[in-house]
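Subject: Structure for you to look at

Hello,

Here is the structure I promised to send. Please open it first, then read my notes below.

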Amino acid sequence: MIVDTHTRIWQSPEQLGIGAGDRLVQTMHVAGDLVRLLPNADAASHLLASVVGVVLLVVARGLFRRLESAYRVAQILLAAGLA
């Protein structure tokens, strides 16, 4: 079953038109390859977020004292946490 952006439900890729099924299958293969390349990406993301959070707790004292270097480090850490 395929649902497009207008929430139409298609039973097979052939209903989308000539060649659409092939493109869909190729896209699914590429996505599957990417998932196999990064098997622990989810765990790595959680680890990075935890490390960033702990370092931000340490940087908080510098932020409280209004140190500019602490402000810059906090910006970098927050950007790293978003990535």
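Exposed means over 50% relative accessible area, buried means under 20%, and partly exposed lies in between, with a 1.4 Å probe and protein chains only. Helices are DSSP runs of H or I with at least four residues, strands are runs of E with at least two, and both are numbered from the N terminus.

Some ground rules. This is a predicted model, where local features need pLDDT of at least 70 and side-chain atom pairs count only at pLDDT 80 or more, while totals for chains, interfaces and linings use all residues. Residues are numbered from 1 along each chain as its sequence is written, and side-chain values use heavy atoms, with hydrogens and water left out.

**The whole chain**

The protein chain has three helices and two strands. Along the sequence the pattern is β-β-α-α-α. Of the 83 residues, 11% are buried. The chain exposes about 7100 Å², and carbon and sulfur atoms supply 66% of that area. Accessible areas come from the Shrake-Rupley method with a 1.4 Å probe; for residues, only the protein chains shown count as cover. Now take contacts between residues at least 6 apart in sequence: 10% of them join residues at least 24 apart. Contact means heavy atoms within 4.5 Å.

**Helix H2**

H2 covers residues 41-64. Its 24 residues should span 34 Å at 1.5 Å a residue, and its end C-alpha atoms are 34 Å apart, so the two agree. The expected span is 1.5 Å times one less than the number of residues. H2 also has a kink of about 35°, centred on Val58. That bend is the angle between axes fitted to the seven residues ending there and the seven starting there. Val52, Val59 and Gly62 are buried in H2. The buried residues of H2 pack against helix H3.

**The loop**

Arg66 sits in the loop between H2 and H3. Its phi is near 60°, a positive value in a residue other than glycine. Most residues other than glycine have a negative phi. Arg66 counts as exposed because its relative accessibility is 78%.

**Back to helix H3**

H3 runs over residues 68-82. Its 15 residues should span 21 Å, and the end C-alpha atoms are 21 Å apart, which agrees. Which residues of H3 are buried? They are Ala70, Ala74 and Leu77. Seen down the axis of H3, its buried residues fall within an arc of 65°, so they line one face of the helix. The arc is that of the directions from the helix axis to the C-beta atoms. The buried residues of H3 pack against H2.

Look closely at Ala74. Ala74 is buried, with a relative accessible area of 7%. Leaving aside neighbours within four places in sequence, Ala74 is in contact with Leu56, Val59 and Leu63. With that same exclusion of neighbours within four places, Leu77 touches Val52, Val55, Leu56 and Val59.

**The core**

The largest nonpolar core has five residues: Val52, Val59, Ala70, Ala74 and Leu77. H3 gives the most to this core, with three residues. A nonpolar core is a set of buried Ala, Val, Leu, Ile, Met, Phe, Trp, Tyr and Cys residues joined through side-chain atoms within 4.5 Å.

Best wishes
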